[in-house]
Amino acid sequence: MDLLQSLARFLDRPLFPWKRLIVGFSVGQYLFEGFLSLRQYQILKEKKPPKVLESEVSQEVFDKSQAYGRAKAKFGFVSSLYGQAQNLGFIYYDVLPKLWALTGIWLARYASAQYTGEIMHTLIFFFTLNVITTVLNLPTSYYSTFVLEEKFGFNKQTLKLWVTDIIKGQALMVVFGVPLLSAFLAIVQKTGNGFFYYLWLFGVGVQVFMITIYPIAILPLFNKLSPLEEGPLKVGVEGLAKRLEFPLKELYVIDGSKRSAHSNAYFYGLPWKKHIVIYDTLIEKSEIEEVVAVLSHELGHWSLSHTTKLFGISQFHMFYLFALFSVFINNRSLYESFGFHKEFPIIIGFILFSDALAPMDTVVKLLMNILSRKYEFQADEFAVKLGYSKELAKSLIKLQIQNLSTMNADWLYASYHFSHPILPERLGALRWVSDEKTSDAKKMDAEQPLKAADREL
């Protein structure tokens, strides 16, 4: 505690150029990530697939994959520039202090005395800021969904569904944001300098609560979960779970095709009661043994305690973030650099602290991706030991082709951005030897391509 207080006094220096420093961090990160994207773009201009995929991927499919990758990269250049312009505009035009003052006026004018105070003011400020950023990001979201993804056959959403999802997201922000943000502020206000201990315990409780309530109350708002029908696939998955002593409670199919051609499988739940969810698109496009092989990889993460280890790491990360926040929460020079001279709101301190921590976040992201890729190799090896080497390799290749996923990557770009190894690396680790093409161009022309889910297999 004394160390944190000493560090707080050291960093709270009058006229310290916090704004210039944070702008420098932001611009530096933007330029670094742009540099990485340019390196990756050169890979996306290659004309031939990696050697390990030459017998698996037709030239036509490879060309489509490269074109899709370049289209996403170009969109990424524009969207990142747009985001950076937003960020610098907010800083340059003092949007935060002006919006805080404006929401304070609204509160004084329209709310009764019992609803005044920092917590109510923060709620109004936060949700107003969220609406503003959501509106500003609508153009890029629309283009990504209805132009880029539509062009390559991935989008399944209608405009109505897209709008409905945005409205539902905002509604959930209010339903969960009001109590969570109010509790966050109350803990900081009432527990003194050691507030970060209590914030951390609160954060752990919220995570456990969300693990429990998400599939029950939130997921059904966006997707439909149906019990997997009786048949060979259910028998195979239940047999795998029993073999591994995985505490399987329910086995579901999710209508991922409702929005996109996403393809994935995952599990969730408490330690003693787990649920497996399989995307309908994965079932449609894969053989039974391939789906079971994919799940053997996923359950490998559980069996090898990867999920438990990552949960533990996330708790440590959250604790040290809140501990560092205690160093900045009363830093008047930081507040004053951004136009807050009379009021020092907790939420503003947390926003500015997050911006100041950007370089450290970059390092953490790099280290976590390195660890994640290590775990992916281990989960693949786990599936191999279960006897699913060939089936897993075929499934990965098939999904890669159907997804038009990037066939190769610049090593530096991959190290920073990818939480999963690229396919050639995984096939090499699986010691894959091809006996025939998994797919060809004619077959791809007849099939609707699948887009990989946010967390790829």
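**Exercise 1: the span of a helix**

What should the 15 residues of helix H15 span at 1.5 Å a residue, and how far apart are its end C-alpha atoms?

Before we start, some ground rules: this is a predicted model, where local features need pLDDT of at least 70, side-chain atom pairs count only at pLDDT 80 or more, and totals for chains, interfaces and linings use all residues. Residues are numbered from 1 along each chain as its sequence is written, and side-chain values use heavy atoms, with hydrogens and water left out.

Solution. 
- Step 1: find the helix. H15 covers residues 389-403; helices (H or I, at least four residues) and strands (E, at least two) are DSSP runs, numbered from the N terminus.
- Step 2: get the expected span. The rule is 1.5 Å times one less than the number of residues, and for H15 that gives 21 Å.

**Exercise 2: how covered is H15?**

Work out how many residues of H15 are buried, then take a look at Gln400.

Solution. 
- Step 1: Buried means under 20% relative accessible area, exposed means over 50%, and partly exposed is in between (1.4 Å probe, protein chains only).
- Step 2: count. Eleven of the 15 residues of H15 are buried, so the helix is mostly covered. Among them are Leu392, Ala393, Ser395 and Leu396.
- Step 3: zoom in on Gln400, which sits in H15. Gln400 counts as buried because its relative accessible area is 11%.
- Step 4: list its neighbours. Leaving out residues up to four places away in sequence, Gln400 touches Ser405, Thr406, Met407 and Leu423; a contact means heavy atoms within 4.5 Å.
- Step 5: step off the end. Leu404 follows H15 and has a positive phi, near 55°.

**Exercise 3: two helix pairs**

Describe how H8 packs with H10, and then how H7 packs with H11.

Solution. 
- Step 1: know what to look for. Two packed helices are described by the angle between their axes and the distance between the axes. The axes are lines fitted to C-alpha atoms, for helices over the stretch in contact, and the angles run from 0 to 180 degrees between N-to-C directions.
- Step 2: take H8 (residues 232-244) and H10 (residues 288-303). Their axes come within 10 Å and cross at roughly 25°.
- Step 3: Under 35 degrees counts as roughly parallel, over 145 as roughly antiparallel, 65 to 115 as roughly perpendicular, and the rest as oblique. H8 and H10 are therefore roughly parallel to each other.
- Step 4: find who touches whom. The H8 side of the contact includes Pro232, Leu233 and Gly236, while the H10 side includes Ile288, Val291 and Trp302.
- Step 5: now H7 (residues 195-222) and H11 (residues 306-328). These two pack at an angle of about 145°, with their axes 9 Å apart. Residues in this contact include Phe195 and Trp200 of H7, plus Phe311 and Met318 of H11.

**Exercise 4: a residue inside H10**

What is the accessibility of Ala293, and which residues does Ala293 touch?

Solution. 
- Step 1: Ala293 lies in H10 and, at 0% relative accessibility, counts as buried.
- Step 2: beyond residues up to four places away in sequence, Ala293 touches Ala383, Tyr388, Glu391 and Leu392. Leu392 is one of the buried residues of H15.

**Exercise 5: how confident is the model?**

What pLDDT does the protein chain average, and where is the pLDDT below 50?

Solution. 
- Step 1: pLDDT is the predictor's confidence in each residue, from 0 to 100. The protein chain averages 89, and 94% of the residues score at least 70.
- Step 2: the pLDDT is below 50 over residues 439-456, a stretch with 53 contacts in the model beyond near neighbours in sequence.
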